[in-house]
Amino acid sequence: QGPVLKTFFRNTRFPRVSTMQLRFYVTHDSVSVQDDLDAVFRDSHNFDCLTRLTLTMLPTNSPTLLPFPFSSLSRLQHLTFRRHMGYYGSILDEGPVLPVLRSLTIEDCAFLDGDWKESLLARLKDQGNIPEVRVTWGAD
């Protein structure tokens with residue numbers, strides 16, 4: 001998956017894509033998910049107009065630590081984590097994080113670290129950006 005995606009995204013750009021939904025199917029190998037995320041978001045100019053992103057991870061039996069490429073998504077206005085998203089720990093990049101984010105939605109995320117979520121929201125608030133936050137359970 002990772003090598004195929006790397007080859008594809010190395011040769012492809014989507015300058016007008018404004019909405020994207022990504023699904024990752026995980027067993028025990030978080031390395032392959034990280035490789036896939038890196039392949040998709042390695043170049044922030046691949047998605048110059050991306051304003052709405054939904055990330056879904058299925059299924060996982062345990063939390064997965066993932067360095068998420070927030071710095072590649074400077075134009076993102078709406079971010080949704082759906083289902084079993086991994087732990088993100090203290091891996092927020094230095095500098096502005098999601099500077100124009102308007103809404104953060106967390107749907108049915110059994111393993112989302114509450115401390116990480118609070119850290120992200122505090123970071124956004126310190127930047128002067130206070131998005132609408134929705135947390136829902138039981139959504140399909």
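**Entry 1: a loop residue to start with**

Where does Arg13 lie? I found Arg13 in the loop between helix H1 (2-10) and strand S1 (19-25). I note here that I'm working with a predicted model.

Is Arg13 buried, exposed or something in between? Its relative accessibility comes to 49%, so I put Arg13 down as partly exposed. The cut-off for exposed is over 50%.

Setting aside residues up to four places away in sequence, Arg13 touches Asp43, His45 and Asn46. I also checked Asp48, which is 35 residues from Arg13 along the chain; their C-alpha atoms are separated by 9.1 Å.

**Entry 2: Cys49**

I went on to Cys49, which sits in the loop between helix H2 (30-41) and S2. Cys49 has 37% relative accessibility, so this residue also goes down as partly exposed.

Which residues does Cys49 contact, leaving aside its neighbours within four places in sequence? My list reads Pro15, Arg16, Val17 and Ser18. For Pro15 I wrote down the spacing too: Cys49 and Pro15 are 34 residues apart in sequence, yet 6.1 Å apart in space, C-alpha to C-alpha.

**Entry 3: stepping back**

Time for the whole chain. I count three helices and five strands. Read from the N terminus, the elements go α-β-α-β-β-β-α-β. The protein has 140 residues, and 44% of them count as buried.

Taking contacts with a separation of 6 or more, 80% come from residues 24 or more positions apart.

**Entry 4: the sheet**

In what order do the strands line up? They form an open sheet, S1-S2-S3-S4-S5, and the pairing is parallel. S1 and S5 are the edge strands, since each of them pairs on one side only. From one strand to the next, the twist averages 10 degrees.

A reminder to myself: strands of a sheet pair through backbone hydrogen bonds, either parallel or antiparallel.

Then I went through some pairs:

- S1 and S2 run parallel and are joined by seven bridges; Met20 has Leu53 in S2 as its bridge partner.
- S2 (residues 52-58) pairs with S3 in the parallel sense over six bridges, and Leu55 stands opposite Phe81 in S3.
- S3 and S4 run parallel with five bridges between them; the bridge partner of His78 is Ser103 in S4.

S1 got a second look. Which of its residues are on the covered face? Those are Met20, Leu22 and Phe24, while Thr19, Gln21, Arg23 and Tyr25 make up the uncovered face.

**Entry 5: helix H3**

Which residues of H3 are buried? I get Trp116, Lys117, Leu120, Leu121 and Leu124. Down the axis of H3, these buried residues fall within an arc of 135 degrees, so they line one face of the helix.

What covers the buried residues of H3? The cover includes strand S3 (78-83), strand S4 (103-107) and strand S5 (132-136). H3 packs on the sheet, touching S3, S4 and S5, and its direction makes about 175 degrees with that of S4.

Just past the end of H3, I spotted Gly128 with a positive phi of about 85 degrees.

Leu98 has one of about 45 degrees, although Leu98 is not a glycine. Where is Leu98 found? Leu98 is in the loop between S3 and S4. Its relative accessible area is 1%, so I mark Leu98 as buried.

Notes. Residues are numbered from 1 along each chain as its sequence is written. This is a predicted model: local features need pLDDT of at least 70, side-chain atom pairs count only at pLDDT 80 or more; totals for chains, interfaces and linings use all residues. Side-chain values use heavy atoms; hydrogens and water are left out. Helices (H or I, at least four residues) and strands (E, at least two) are DSSP runs, numbered from the N terminus. Buried means under 20% relative accessible area, exposed over 50%, partly exposed in between (1.4 Å probe, protein chains only). Contact means heavy atoms within 4.5 Å. The arc is that of the directions from the helix axis to the C-beta atoms. Two strands pair if DSSP finds at least two bridges between them. Axes are lines fitted to C-alpha atoms, for helices over the stretch in contact, and angles run from 0 to 180 degrees between N-to-C directions.
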